[in-house]
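Here's a quick tour of one protein structure. Have a look at it first, and then we'll walk through a few of its residues together.

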Amino acid sequence: MEEFNVELINKESRENGLVKITVEVPLTIEVNGRELATLLCSPVDMDDMVRGFLYTAGLINDVDGIKKMIIDEERWKAQLDILEEGLPEELVFKRIYTSGCGKGVVFHSPFDLIQRSRMDFGPQISSQRINELMKEFLNYSSEYRNTRGVHSAALAGASGIDIFRDDVGRHNAIDKVIGQALQRGISRDDKIMLTSGRISSEIISKLMRSRITVIASSGAPTNQAVKMAREINLTVLGFVRGSQMCIFNGGERITTG
């Protein structure tokens, strides 16, 4: 966080004050000596974000695919050497500009776009427990309480929140959670993803790649996210607030009570 002098207006009063602002940096990712992407992100847990980004992009299959990673916080650069077994000789990707805030990109292998398999597995969890987890989740972030400038994501099970991450980008926050799950070897088949942001189609793609079958948000999904979720049988819960939620798909995984 960084403090800025600002003018504060409240009804008819106007005075100077200090406001805490969240920090945003451009992190350039270089893979095997080639520039892949520049992500606008929060300068914390960047190693998790890079792992998650490479995994959801299909560039690695697990953390063992990364031979070396150096995060240079002076030049804001992540330099990686990764294994290329199973990858095309030339890394050919379809670049999709995301609907997220800021300059976001997501990469897919053409095979990932074609081979969308249904996910007929996943946890059974009660709507009451999801509401409890969301309440805990929305009060988890000290960065958000101080700045109101970040999105949050978490991996949770019935017993509670296992991994929590913040970032200025909702995609980055989810990549950070996935990257940390990979690093710790946490199984994702029985977990749900919590997010404070909009659920868009590229978020569904990240979950599909990670084999996470349930996502819950305090916000809304997009139409393409719902269509993709219905195609692959992923549970999408929106407007999760208080004791309410809207099930857009996959209600068989959600029990009442």
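Let's start with C41, which counts as buried because its relative accessibility is 0%. Here, buried means under 20% relative accessible area, exposed means over 50%, and partly exposed is in between, using a 1.4 Å probe and protein chains only. C246 has a relative accessible area of 29%, so this residue is partly exposed. Searching the whole structure turns up zero disulfides, a disulfide being a pair of cysteine sulfur atoms within 2.5 Å.

A note on the model: it's predicted, so local features need pLDDT of at least 70 and side-chain atom pairs count only at pLDDT 80 or more, while totals for chains, interfaces and linings use all residues. Residues are numbered from 1 along each chain as its sequence is written, and side-chain values use heavy atoms, with hydrogens and water left out.

Next up is S141, sitting in the loop between α3 (127–138) and α4 (142–147). Helices (H or I, at least four residues) and strands (E, at least two) are DSSP runs, numbered from the N terminus. S141 is buried because its relative accessibility is 4%.

| Side chain | Backbone nitrogen of | Distance |
|---|---|---|
| S141 | E143 | 3.4 Å |
| S141 | Y144 | 2.9 Å |

Leaving out residues up to four places away in sequence, S141 also touches V150, S152, F164 and D166, where contact means heavy atoms within 4.5 Å.

Finally, T195 lies in strand β12 (residues 192–195). T195 is buried because its relative accessibility is 2%.

Terms used: A polar contact is a pair of N or O atoms within 3.5 Å; within protein, one must be able to donate a hydrogen and the other to accept it, and residues adjacent in sequence count only if both atoms are side-chain atoms.
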